[in-house]
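Student: Could we go through this model together? I would like to start with the terms and then move on to the details.

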Amino acid sequence: MSKTQPSDVDRTARPDVEFTTAPARSVRRATLYAMTYSPWSEKARWALDHHRVPYEYKLYTPMLGEPLLRLRALRSRTWPKRVTVPALLAEGSIHLDSLQIALYAERNGSNFNLFRDTTAVTRWNDLSERALQAARILSTARALADREAQVEFLPPFITGALRPKMTWLARFGAHYLERKYRFDASKLDAARATYREALLALRQGLADAGAPYLVAHRLSYADMTMAVTLQFVVPVSDDFIRIGPLQRRTLTDPELAVEFADLVAWRDDLYQKHRR
Ligand SMILES: N[C@@H](CCC(=O)N[C@@H](CS)C(=O)NCC(=O)O)C(=O)O
């Protein structure tokens, strides 16, 4: 399931912007390990798709997929303290961070550049990372409280009548993430404050920049990295990221959805224009 030909790429319509020069064909097919609903995976995929970098998509299962990913990292002569997805294997190297993957796409793909103002874009990515880490605390708590929804978080190889009987595995996986990323329910209030602060900064940033783009009046990775932070306010339409209805329920934050409806609308417009 590799999406490599987005239709928003039109060199002739954007004569004012720079393009990376390497044609996508010169890049050996890469492998991306990713999770469907994860905003970290989505920002890496968006950058790869924007730059028309072909890749094979491999679905990663939290916790269970970790030994294999460690092995892949080892084969690339890397032993990171923590392995996470997205992870891109390309030309004998492994890139274990969404920003590194986006920069790889920028160097090796085609289409106009997403990092023209690297400092500004990286600053937005730092904020995105803080927002997502906080939002993960909130959404994990919702998922742990929603037994019905836990079925939809099980990996696809658990099928049929077995699924409702295996929700303990989803809970086990959620607690595993709590330990791995060092959080628990005691951090909920601080997480909500951090997430809100980031969303308020996004609103301010768009106002300062004269929306719809955060940097230099054109699409950049700043827009992508901040748009995906809204995945934990209201997940984007299934046209772009297909998730189950119960998963959607746990990813949605009803209170923030009302407070930040303007940002959700901004994100939806951005997807319509640039993620086709
Ligand atoms: N800074 C990293 C963070 C990635 C991250 O936190 N990934 C999580 C997404 S929930 C993950 O891999 N979870 C599954 C696991 O840890 O096994 C990036 O930008 O790629």
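Tutor: Helices (H or I, at least four residues) and strands (E, at least two) are DSSP runs, numbered from the N terminus. This is a predicted model, in which local features need pLDDT of at least 70 and side-chain atom pairs count only at pLDDT 80 or more, while totals for chains, interfaces and linings use all residues. Residues are numbered from 1 along each chain as its sequence is written.

Student: How many helices and strands does the protein chain come to?

Tutor: The protein chain has 12 helices and four strands. Buried residues account for 39% of its 276 residues, where buried is taken as 20 or more other C-beta atoms within 10 Å of a residue's own, exposed as 12 or fewer, and partly exposed as anything in between, with C-beta atoms placed from the backbone.

Student: Where does Arg77 lie, and what is its phi?

Tutor: Arg77 lies in the loop between H2 and E3, and its phi is near 60 degrees, a positive value in a residue other than glycine. Arg77 is exposed, because 9 other C-beta atoms lie within 10 Å. Most residues other than glycine have a negative phi, and most peptide bonds are trans.

Student: And what about phi at Arg52?

Tutor: Arg52, which is not a glycine, has a positive phi of about 55 degrees, and it is placed in the loop between helix H1 (39–50) and strand E2 (55–59). Arg52 counts as partly exposed because it has 19 C-beta neighbours inside 10 Å.

Student: Which peptide bond next to Pro86 is cis?

Tutor: The bond from Val85 to Pro86 is cis, with omega near 10 degrees, and Pro86 is in the loop between helix H2 (66–75) and strand E3 (87–90). The bond from Ala211 to Pro212 is also cis, with omega near 10 degrees, and Pro212 is found in the loop between H8 and H9.

Student: Switching to H8, which of its residues are buried?

Tutor: In H8, the buried residues are Ala191, Tyr195, Ala198, Leu199 and Leu202. Seen down the axis of H8, they fall within an arc of 95 degrees, so they line one face of the helix; the arc is that of the directions from the helix axis to the C-beta atoms. The face turned away from that buried side carries the exposed residues Asp189, Ala190, Ala193, Gln204, Ala207 and Asp208.

Student: What do the buried residues of H8 pack against?

Tutor: They pack against helix H4 (118–145), helix H9 (221–227) and helix H12 (261–274). Ala191, for instance, is in contact with Ala134, Ile137 and Leu138, leaving aside its neighbours within four places in sequence, where contact means that the two C-beta atoms, placed from the backbone, lie within 7 Å. The C-alpha atoms of Ala191 and Ile137 are separated by 6.6 Å, although the two are 54 residues apart along the chain.

Student: Why does Ala191 count as buried?

Tutor: Ala191 counts as buried because it has 21 C-beta neighbours inside 10 Å.

Student: Last topic: which residues come nearest to the ligand?

Tutor: Of the 14 residues around the ligand, Trp40, Pro62, Thr84, Val85 and Ser98 come nearest, a residue being near if its C-beta atom, placed from the backbone, lies within 6 Å. The elements that give two or more residues to this shell are helix H3 (98–108) and H4.
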